[in-house]
Every structure is written in structure tokens, then in C-alpha cells.
Amino acid sequence: MFSNYYCPGNLSVLGAFDFSYAPTLIFYAYIPIILVSIFFGLLLIFRDKFSIQGKLIFLLSLFFSFWNLNVIAEWITVPVNLNHFFWQLTMLFEMPIPLLAIYLTLVFIYKKDISSKLKILLTIFFLPVPLLLATVYNIGVFDVQNCQPAVGWLTYYVYAIEIFSILWIVIAAYRKYQIESSPSEKKQILLMVSGISLFLLTFSLSNILGEWTQFYQINLIGPIGMVVFLALMTYLIVKFKTFNIKLIGTQALVWALIILIGSEFFFIQTNVNRILTAVTLVISAWMGLIIVRSVKKEIEAREIIEGMAKKLEGVNTELEGANAKLKVLDQQKSEFVSIASHQLRSPLTVIKGYLSMMIEGEPELADLKAGTITPKGVEVMNTMFQSTNRLAHIIEDFLNVSRIEQGKMKYEMSDFDIRQMAREVVGEFQAEVGERKLTLICTDKSPNASYMVYADAGKLRQVIGNIIDNSIKYTPQGGITVYLERLADSTRLSVKDTGIGISAENLKNLFQKFSRASNGGKVNVTGSGLGLFVAVEIMKAHKGKLWAESDGEGKGSTFVIELPIKKRN
Ligand code: ADP
């Protein structure tokens, strides 16, 4: 089966292997570490089957162990062709280690799987290995006397990838470290990356140096890297709480005890002792089982309590948030009630005062019993009518605000011509404008365009009416122009006046509830500061906009509304 050429050593085991030729250290260092790394890898994969990290660590430990076993095989196989075969396999186990290390680091620091593009790139890095494994590019000449290979380009390629992977890992981690704000995350990145890059560094350097000097004992330095690797794994286990250290410790202790007692069977000479040891073995196994179970239970209980504590913490912060919101709402409510009562009181006081005068029979105004009224009385009646009107307006505004805030404002959408509507509203205001000696005109910037819009006609009329009404109220002299304009995907209506203007400071808050500019109160004492708030909310509900522009106090203002043009399918 094997060739007739042999490497140094005797065919002592299975006619192919010689355990005595290899340095003893290799068995002490490699075999326990292979076992431990496979053990940790298996623990991780069983505990958390669906996590990519668990799978990657498992794969890493698997390739790492295969690589170690292969090194042992290179040392102990005597037939040349078999020895050559193992040498040829090395890169198949070595190459996935740096690639998996890159993958694992990226998943660890970004907490998500890497992109498919990156996966393809890593696969491309790997491809030359299976393709060139059986060629002279892997192992060129094999020294049959000493069983030592002259490696080819593939080996140098793998070494280059190893160095490159360390750089990649360090740079990726450094970049994430810079932008990461949580100190605990930063610490985890630092630990993970120092562990994995130290492991890769010792692993790669010992291989490269061993190859370079042809002094393969250097490869035995590898165990230092493995120790780092194991320390990293332990860290990961603690960090992910993947397996409880206390449980591992207890289990390890119990197993060590059983093996220790069990091994006595090899030395015991008498039957009495054999029976005694068997009894001790059974008792310690049984006790060990009880201890392991109780530790497991304790851990489960602790996990439940921790879970509950976390939930409670969540509920607590939720409650705190809700409480803070309620406080704000409560404050807003009392503010609303106080402003509302103040707003309603002044027109009511005017009405009440005049009415009582007239009922008591103020000769200058009216004598209600006699059924007569003087011209001054008619004027007063007019003022009372205006106050009632204002009351009705304010109440309507309040109702609108409350509907908006409760999300109960209803919109009845239809298609209509906004130019037609603007002209009508402008017409309705002409009498008032005339009285105030102002001008109000409506012009059209795109005369041939269609001004059909899809909106709630009643509400839009209210918005247009409100801003024209405002510009009349806040314009002591001059005039108001309403512009209509059709843009690429919206219809725009602007109301430009020559009035008191608005300062930059006031422009910012104009559309908030109860907001009134400092100069507004002087010109129009009775405003509520709700009209624009309601108007802007109505426009938002139409996916439209309402904004104000002004060059400052005394420089006039422009209020603009914009409605998107309905897209027809
Ligand atoms: P009200 O007019 O009832 O006070 P609004 O919400 O309609 O409430 O307007 C809010 C404030 O915006 C007004 O108090 C006024 O200070 C300012 N404002 C509105 N329109 C104009 C305008 N055309 N020119 C100057 N200031 C205006």
C-alpha cells in the first residue's frame, strides 16, 4: 500500500507511524489543545446553534485542530508517499484559518453577517488552494531522504493572506473602535482583536519562520498562539455567557476525579482494592452528577431572575417616560384652559356690559321697555354682533385644535378649482377692505394652467380666508395681493401684504399654538394665536405646506400655501 521509500523512523505503529521520532512536546502541546479547542467549539455550536459567531468559532477550531493533527501526521508518518500526502494537505487546513478569522472579527464588531460581496471575495481568496493543492505549485520537490518539502507559490500565497488578514482585522477593528461610543463595546472590540490577531501572528510567524529556516521545530512555538486562541475563546464564552464558567469548572472537576479514580484500576493488584475503588468510583460519579445538576439549577434560576430584572427595568423606564409625558400634557392642559378662558372672557365682558346698560335703560343707547333705540345704540349692537362673531370664531378655533390633537379632524376630499375659490374669498373681503381703505387684488402667474386641486374644499377655504383676514388685520395701510401659481408638481397661493411685517425671531414660532408676534398685539388686540396653528395642521393633512416670509418688522409679509398636484394613475 505504501511506497518502499521511508522517512527516518521505524514502522512501529500500524506499519506506518513512528511516535518516537517526533519531538515529545508535540504530543503534550498539540493533543490536549486539539481536544480543548474541539470541546469549546462544540460547546459553542450546541449552545447557540443559530448564531453565526458560534458556527464560525466552531469551524475555526475544527480547521485549527485538523491543521494540528496534520502537523503531527507529518512528524510521525514513515512511508514517504503518505508523508508527502500530509505535507500536501497542509494548506487546505491552514488557509481557512485567516479567512475565518476575518469573517469572525467582522461579525463580532458589526454584530451582523457580512455582505454576500465580501463572502464572495473571501471565497475567491480561498479558491487557489483547492485548485493548486495537487500541483507542483503547492509542493515542488520532496526530499525523500529527510522527508522535507520545497514548497511552491501556493504556500507563499497563503502566508501573504495570513499577514494581510491580520492587517485587515486590525484596521477594521480600529475603524469601528473610533466610531463606537459605548465603553463596554470598545473594550470588547479591543480584547477580541488583540486575542485574534496575536493568535494569527504567532500562528503565521511560526509557520513562516519554520518554512524559511527549514527548522520545523519552530512550528512548535505555535502552542503559544494556541494558548492565546484559547484565552480568546474563554473570553468569548464569558462575554456571550454562552456557557457558564461555573458549570464548566464543576464538570471538569467531576470528570478529572472520575478519570483519576478510574486510572487506579491499572495499578491495583488485589480484588479487595478493586471493589473498594469501584465503589468509590460509583459514589463519586453519583455525587458529581448531583453537584453538576444543582449548579445547573442554580444557573437556570439566576438566568430567570436576571431576565425578570431586565424586564422590570424596561417597564420602569417605560413608566417614567409615560409619567413625564403626562406631566407635560397636564401643564399644556392648564395653559390651554387659562388662555381659553381669558380669550372668551373679553368679548363676553363687552357684550355683557352693553346689554346690561341697555336693559337698565341708558337713554343715549336704547329704552328696551319703550322699544326705542338711538343711532348710537345701533352702533353698539353692531359692536356686540362683532364680539359674538369673534366668540364663535374663537370657539371654532378651540374645537379645531382639540379635533386636530385627538386626530379626529375629518377631511372630505374632492376636486375643485382653487383659483375660482381664491377669487370668491377675495370678493367676500372687498367690503371690509374698502372700509379700511386698503386694496385687495387677485392675480394669476400662470393664466393658462389648470388650477384643479384635490382637497377638502371647506377647510381650504378656511385656510385661505384666515391668511387673507390676517393680512387685512395686520396691514394698517397699502394693500394685499393674492398670487396664484402653478409649479411643476404643486399649486401655490401666496398672500403678500404691505403690513407690519414679522421679525426673524417671531417667524420661527408663528405657527405654534397661541403664538402671537410682539407687534401683532398692538395692531389687532383680539387675536387668539390659534388660526395659523390650525391652518398649518390642515395643510399638513393635505401633504401640503404653509409658511411665512418677511424681511422684518414694517416690511410687509407673505404667507404661502402649497398643495401637491394629485398624481393620476
Ligand atoms: P391671531 O391672528 O388670531 O393672533 P394667528 O395664528 O392667525 O392668530 O396669527 C398668529 C400671529 O401671527 C398673529 O398674532 C400675528 O402676530 C402674526 N401674523 C399673522 N399674519 C400676519 C401678517 N399678515 N402680518 C404680520 N403678522 C402676522
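With which residue does K459 form a salt bridge? In this predicted model, the partner is D456, and the closest N and O atoms of the pair are 3.5 Å apart. Both K459 and D456 are buried. The structure holds 15 salt bridges in total.

A second salt bridge joins the side chains of R461 and E424, at 2.4 Å from N to O. R461 belongs to helix α14 (residues 457–473) and E424 to helix α13 (residues 418–435), so this pair ties together parts that are 37 residues apart in sequence. R461 is partly exposed, with a relative accessible area of 28%. E424 is also partly exposed, at 34%. A network of salt bridges links E424, E428 and R461.

The side chains of E505 and K508 form another salt bridge, at 3.6 Å from N to O. Both residues lie in helix α15 (residues 504–509), three residues apart, or about one turn of the helix. E505 is exposed, with a relative accessible area of 53%. K508 likewise counts as exposed, at 61%.

Helix packing was examined for α2 and α3. The axes of α2 (residues 52–76) and α3 (residues 80–94) come within 9 Å and cross at roughly 160°. Angles over 145 degrees count as roughly antiparallel, so α2 is roughly antiparallel to α3. Their crossing is left-handed. From α2, the contact is made by F63, F66, W67, N70, A73 and E74. From α3, N83, F86, W87, L89, T90, L92, F93 and E94 take part. The residues of this contact divide into nine nonpolar, three polar and two charged.

How values were computed: Residues numbered from 1 in each chain as written. Predicted model: local features only at pLDDT ≥ 70, side-chain atom pairs only at ≥ 80, totals over all residues. Heavy atoms only, no water. Axes fitted to C-alpha atoms, helices over the stretch in contact; angles between N-to-C directions. Helix = DSSP H or I, 4+ residues; strand = E, 2+ residues; numbered from the N terminus. Parallel < 35°, antiparallel > 145°, perpendicular 65-115°, else oblique. Left-handed = near helix turned anticlockwise from the far one by under 90°. Contact = heavy atoms within 4.5 Å. Nonpolar A, V, L, I, M, F, W, Y, C, P; charged D, E, K, R; others polar. Salt bridge = Lys/Arg side-chain N within 4 Å of Asp/Glu carboxyl O. Buried < 20%, exposed > 50% of the residue type's maximum accessible area, 1.4 Å probe, protein only.
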